[in-house]
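Me: I am new to this structure and would like to go through it step by step. Could we look at it together?
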Amino acid sequence: MKRNVERSALADRFENEILFPLSLDMGDILASRGGDYSKTLLSSLAEFADGKTARLGKALEREGFFLIEEKDPAIYENEPYFRLLSALDGVRVDDVSFGFETIEAHALFASADKTSLGEGKDISPLGYFSHSFRFPCIQKAGRTWMSLVPHEIETMEEPLGKAFGRVAVLGLGLGYFAFAASQKEEVSEVVVFEKDPAIIALFQTHLLPRFPRKDKIRILKKDALDYLEDGPFDFVFADLWHDVEDGLPLYEKLVKIEPSTCPVSYWIEDTIRLVFARFLLLLELGEPLESLVQEMPEWGEILEKCARLPLEERKSAQKDNASLRALLSKA
């Protein structure tokens, strides 16, 4: 088991330190080479990293840590909300603006949640397009704040399928979930909780008027952690974080106030659990708590509290989301 845990930790390092910079800056190098892009990527590692990392890449490919496949851009470009947003560009409210960015041809991007193969080994699905792909985004204070990339669409498909009745959406983002939920006949109302006034103003002025079912959507300028005050709801979808790093602390807070009267779905919950499970496994295998906190300082308080809980509860939390929610509600 220890070998797989270590490889999973290295897989995350490989993704964050090699694949992510490569996808942002080195797409032209991959585009210049033909053939199997998985092998092309791995053979390119030596150009950007030391020999140890290049050898690691080859080992990870043999172990199947990454699923790399070509994606059809038409699947995303034909999404009703994607087409709606394509008509906008350059609108601004205060320091928030709407625009577009590009995924270059053959640049790699995360395409779905992580999935587990057990014993500390998980798969990171990655995709690429054979041609450049233009996607809508919102920038705040000069940096990308929210975007409608394939990963967003793919990871919201499951919770959208579950939404019904009166739905609470925690975090407005680009409004994709609110739009898609409002299109469902089973959904009577979508109540969105967002505390950033500029994001709300941009959405209400330039996006909401274009919605076919805008009458179903209500936006409350309010901290999403107080959403229960406006209940009851039939379904809740939480999307307050940018990624796993800032996601776990917010996820913990929401789990502790989770209602027992309706289902709650959390964006990228599988990925949050699988990444956190690696830390719990390393703790179980004797990794000093101090070194884990140093690796992920944002999770320090949660890790310290979890370290005091029974081993069996920590082991159970690695297996499914319900067990992780139970662990964090006690931490």
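Me: To start with a detail, which residue in strand 10 does leucine 170 stand opposite?

Reply: Leucine 170 stands opposite phenylalanine 193 in strand 10. Please bear in mind that this is a predicted model.

Me: How many bridges join strand 9 to strand 10, and do they run parallel or antiparallel?

Reply: Strand 9, residues 165-170, is joined to strand 10 by six bridges, and the two run parallel. Strand 10 covers residues 187-194 and is mostly covered, with six of its eight residues buried.

Me: What is the bridge partner of leucine 170 in strand 12?

Reply: That partner is alanine 238. Strand 9 and strand 12 run parallel and are joined by four bridges.

Me: And which residues cover the two faces of strand 12?

Reply: Phe235 and Phe237 lie on one side, Val236 and Ala238 on the other, and all of them are buried. Strand 12 also runs parallel to strand 13, with three bridges between them. Within that pairing, phenylalanine 237 stands opposite serine 265 of strand 13.

Me: Let me step back. How many helices and strands are there in the protein?

Reply: The secondary structure comes to 15 helices and 13 strands. The protein has 331 residues, and 53% of them are buried. Among contacts between residues at least 6 apart in sequence, 69% join residues at least 24 apart.

Me: What about the largest nonpolar core: how many residues does it have?

Reply: It has 92 residues, and Tyr81, Phe177 and Phe276 are those with the most contacts inside it. Helix 11 gives the most to this core, namely seven residues.

Me: Which residues is phenylalanine 177 in contact with, leaving aside its neighbours within four places in sequence?

Reply: On that basis, phenylalanine 177 is in contact with Met156, Pro159, Leu160, Ala163, Val167, Val169, Phe235 and Phe237.

Me: Changing topic, what is the volume of the second largest pocket?

Reply: Its volume is about 360 Å³. The pocket is lined by 21 residues, and Asp113, Glu158, Pro159, Ser265 and Asp270 lie nearest its centre.

Me: Which elements supply at least two residues each to that lining?

Reply: They are helix 7 (150-162), strand 12 (235-238), strand 13 (264-266), helix 11 (269-284) and helix 15 (321-330). Helix 7 provides the largest share, five residues.

Me: How many nonpolar, polar and charged residues are in the lining?

Reply: The lining of the second largest pocket has 10 nonpolar, four polar and seven charged residues.

Me: Staying with helix 7, is threonine 155 buried or exposed?

Reply: Threonine 155, which is found in helix 7, counts as buried because its relative accessibility is 11%, and the cut-off for buried is under 20%. Apart from its neighbours within four places in sequence, threonine 155 is in contact with Ala112, Asp113, Trp267 and Ile268. The C-alpha atoms of threonine 155 and aspartate 270 are separated by 10.0 Å, although the two residues are 115 apart along the chain.

Me: You mentioned Ile268; where is isoleucine 268 placed?

Reply: It is in the loop between strand 13 and helix 11. Isoleucine 268 has a positive phi of about 50 degrees, although it is not a glycine. With a relative accessible area of 5%, isoleucine 268 is buried.

Me: What is the phi of aspartate 94, and is aspartate 94 buried or exposed?

Reply: The phi of aspartate 94 is near 55 degrees, a positive value in a residue other than glycine. Aspartate 94 is found in the loop between strand 2 and strand 3. It counts as exposed, at 63% relative accessibility.

Me: In what order do the four strands of the open sheet come?

Reply: The order is 2-3-7-8, and the pairing is antiparallel. Strand 2 and strand 8 stand at the edges with a single partner strand each, so one side of each is left without a neighbour in the sheet. Strand 7, residues 133-140, pairs with strand 8 over four bridges. In that pair, cysteine 137 stands opposite serine 147 of strand 8.

Me: Lastly, what kind of peptide bond joins glycine 231 and proline 232?

Reply: It is a cis peptide bond, with omega at about 5 degrees. Proline 232 is found in the loop between strand 11 and strand 12.

Note on methods: Residues numbered from 1 in each chain as written. Predicted model: local features only at pLDDT ≥ 70, side-chain atom pairs only at ≥ 80, totals over all residues. Heavy atoms only, no water. 1 Å grid on protein atoms, 1.4 Å probe; cavity = no way out; pocket = protein on both sides within 12 Å on 5 of 7 lines; lining within 4 Å. Points joined across faces, edges and corners; volume = space filled by probe spheres on them. Nonpolar A, V, L, I, M, F, W, Y, C, P; charged D, E, K, R; others polar. Core = buried A, V, L, I, M, F, W, Y, C linked by side-chain atoms within 4.5 Å. Buried < 20%, exposed > 50% of the residue type's maximum accessible area, 1.4 Å probe, protein only. Contact = heavy atoms within 4.5 Å. Pairing = 2+ DSSP bridges.
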